[in-house]
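Welcome! Could you walk me through this structure, one selection at a time?

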Amino acid sequence: MSTTTAPIPFVLDEEHELFRESVRNFAEAKLRAGYHARAASDELPAEAIRLLGAQQLLGLTVPEDLGGQDADLLALGIACEQVARADFNLAYFIFASIIATDLIKHNERGRELLPGLAAGETLIAAAITEPGVGSDAANLSAFAERVPGGWRLQGEKSSISLGPHADAAVVFARTDRAAGAGGVTAFIVDLDDTVARQRFEDPGFRPIGRGALTFEGTFVPERNRLSPEGRGFHMVMHEFDLSRPLIALMCVGLVDRALEMTVEYTRQRTAFGQPIARFQGVAFPLAEHATYCEMARWLGYRTLGLRMAGKPHTKEAAMLKWWGPHMAVQAIHECIVLHGHVAWSEEMPLQQMLRDASGYEIGDGTPQIQKAVIAREMTGREFLSYPSR
């Protein structure tokens with residue numbers, strides 16, 4: 001095989017490197033300074049979200065004819081990583097907008113919402129989880145009953161990211177009570193006054209918001225049905241295989257920032273007459289976490305590459321989802337310890353970074369579920385005692 005024309009494997013090409021530098025420079029200049037204040041507030045960071053839209057980061061992989069940039073998934077992963085490095089919570093809006101676009105772009109009502117979504121003016125939540133149903137997404141109790149002109153939606157969705165702020169939600173509800181995973185259908189529901197909302201008080205994730213949505217006979221027009229009847233579960237499972245590597249790459253960006261802050265601190269902080277960076281007990285943990293972070297980064301890129309190639313990537317996505325947040329929580333905790341009492345203060349962002357990262361150990365599937373997915377992919381479904389993904 002010729003080595004003169006083939007791309008170098010496992011190295012970003014010039015176009016992606018330039019894009020990475022561009023997003024990093026934007027995030028450092030426009031977003032980083034405000035992270036701490038935004039992260040401690042329940043207020044939606046509307047101005048910063050519109051900045052993401054103006055930078056064309058909310059419609060990166062959306063086709064140009066739908067108002068997007070038609071970029072590839074690797075660019076999307078790079079954008080999530082680099083924005084998370086400056087503001088972990090704002091990076092959520094990048095991948096959430098792409099997931100929402102994927103879910104609604106083939107629907108008439110959905111296409112009406114796309115321009116606002118890409119501009120940062122419209123927010124769309126994904127409403128899957130229910131009070132008694134977390135990772136078992138095939139076992140929903142919310143029910144949509146067919147009525148003239150559409151559907152009547154009954155039930156409660158809980159732990160919904162963007163729930164307090166969203167303009168609309170992609171709601172997954174059962175349309176056939178007896179069909180298991182094959183009885184779930186997806187709808188786009190405008191969150192008007194007929195939908196009750198409750199906000200949860202959380203230690204992290206605060207500007208994004210998490211809450212409950214209650215539907216009591218909410219009417220959903222037939223034009224708002226997103227999936228064929230009974231195909232909603234399969235629709236969302238496909239999107240989990242994208243959201244999971246993106247979450248891990250967000251964690252990579254966050255750890256990258258925490259390590260950078262800590263390395264700089266260890267160069268300046270002195271003990272026993274010398275900078276503490278000279279002590280192996282300080283330097284070695286930083287080296288270890290930098291190694292784990294780099295490994296997560298490249299598994300993230302690899303998984304997105306598999307998806308771009310149309311190849312199976314469920315196992316890799318699950319690996320990233322349990323390892324990425326775990327790696328971030330462990331690394332940031334180490335950074336706090338290495339800072340000592342200084343980092344215990346709320347005046348430094350490390351405590352907030354730890355809280356923000358910890359939520360992703362649960363959201364989008366717990367480590368236990370991800371390991372079950374990995375084991376199923378390795379051994380075969382017949383060796384798994386339950387079918388959930």
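Before the first stop, two terms: helices (H or I, at least four residues) and strands (E, at least two) are DSSP runs, numbered from the N terminus, and the expected span of a helix is 1.5 Å times one less than its number of residues. Residues are numbered from 1 along each chain as its sequence is written. You are looking at a predicted model, where local features need pLDDT of at least 70, side-chain atom pairs count only at pLDDT 80 or more, and totals for chains, interfaces and linings use all residues, while side-chain values use heavy atoms, without hydrogens and water.

**Whole protein.** Show everything as a cartoon: there are 11 helices and 9 strands. Along the principal axes, the C-alpha atoms fill a box of roughly 80 × 55 × 45 Å. Of the 389 residues, 53% are buried (under 20% relative accessible area; exposed is over 50% and partly exposed lies in between, with a 1.4 Å probe and protein chains only).

**Residues 280-308.** Select helix 8 next: its 29 residues reach 42 Å from first C-alpha to last, close to the 42 Å expected at 1.5 Å a residue. Gly-310 follows helix 8 and has a positive phi, near 70°.

**Asp-70.** Now go to the loop between helix 3 (46-54) and helix 4 (73-86), where you will find Asp-70. Its phi is positive, near 55°, although Asp-70 is not a glycine. Asp-70 counts as partly exposed because its relative accessibility is 49%.

**Phe-272.** Finish in the loop between strand 8 (270-271) and strand 9 (274-275), which holds Phe-272. Phe-272 is another residue other than glycine with a positive phi, near 55°. With a relative accessible area of 79%, Phe-272 is exposed.
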